[in-house]
Amino acid sequence: MENNLFNEVNRVEANVSDEIMAEMFLDQAMKDFKKGKIVEEIDQSLKNKDKKTFLRLTEKLKSVS
């Protein structure tokens with residue numbers, strides 16, 4: 001009985017741990033995606049010599065980091 005309870009607790013802890021790891025992975029993937037899109041926009045603003053957009057996007061990039 002006690003062993004079954006211990007096994008059940010370990011299984012629940014493993015599931016919670018897996019869930020947390022998956023959430024962390026997805027959060028990081030979303031941040032990386034957002035950063036990539038902003039960097040692309042920054043590159044375009046540099047090509048267009050658009051200082052105002054460049055400055056706005058660099059600030060936005062700092063907030064995503």
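**Burial and overall make-up**

I looked up burial first: 8% of the 65 residues in the chain are buried. Buried here means under 20% relative accessible area, exposed means over 50%, and partly exposed lies in between, with a 1.4 Å probe and protein chains only. The model is a predicted one, where local features need pLDDT of at least 70 and side-chain atom pairs count only at pLDDT 80 or more, while totals for chains, interfaces and linings use all residues. Residues are numbered from 1 along each chain as its sequence is written, and side-chain values use heavy atoms, with hydrogens and water left out.

I then noted the surface: the chain exposes about 5,800 Å², and carbon and sulfur atoms supply 59% of that area. Accessible areas come from the Shrake-Rupley method with a 1.4 Å probe; for residues, only the protein chains shown count as cover.

I counted two helices and zero strands. Helices (H or I, at least four residues) and strands (E, at least two) are DSSP runs, numbered from the N terminus.

I found Ser45 in helix 1. Ser45 counts as buried because its relative accessibility is 4%. Leaving out residues up to four places away in sequence, I listed Asp50, Thr53, Phe54 and Leu57 as its contacts (heavy atoms within 4.5 Å).

I placed Thr58 in helix 2. Its relative accessibility is 21%, so Thr58 counts as partly exposed. I also noted 9.7 Å between the C-alpha atoms of Thr58 and Glu41, which are 17 residues apart along the chain.

**Lys49**

I located Lys49 in the loop between helix 1 and helix 2. Lys49 has a positive phi of about 55° although it is not a glycine. Most residues other than glycine have a negative phi. Lys49 is exposed because its relative accessible area is 76%.

**Surface patches**

I looked up a nonpolar patch of about 390 Å², made by Val16, Ile20, Met21 and Met24. Val16 lies in helix 1 (residues 2–47) and, at 42% relative accessibility, counts as partly exposed.

I also recorded a positive patch formed by Lys34, Lys52, Arg56 and Lys60. Helix 2 (residues 51–64) gives the largest share of the positive patch, three residues. Arg56 is in helix 2.

Patch residues have over 30% relative accessible area and no salt bridge; like charges are joined within 9 Å, nonpolar side chains (Val, Leu, Ile, Met, Phe, Trp, Tyr) within 5 Å. A salt bridge is a side-chain nitrogen of Lys or Arg within 4 Å of a carboxyl oxygen of Asp or Glu. Lys and Arg count as positive, and His and the chain ends are not counted.

Notes:
Charge placed at Lys NZ, Arg CZ, Asp CG, Glu CD.
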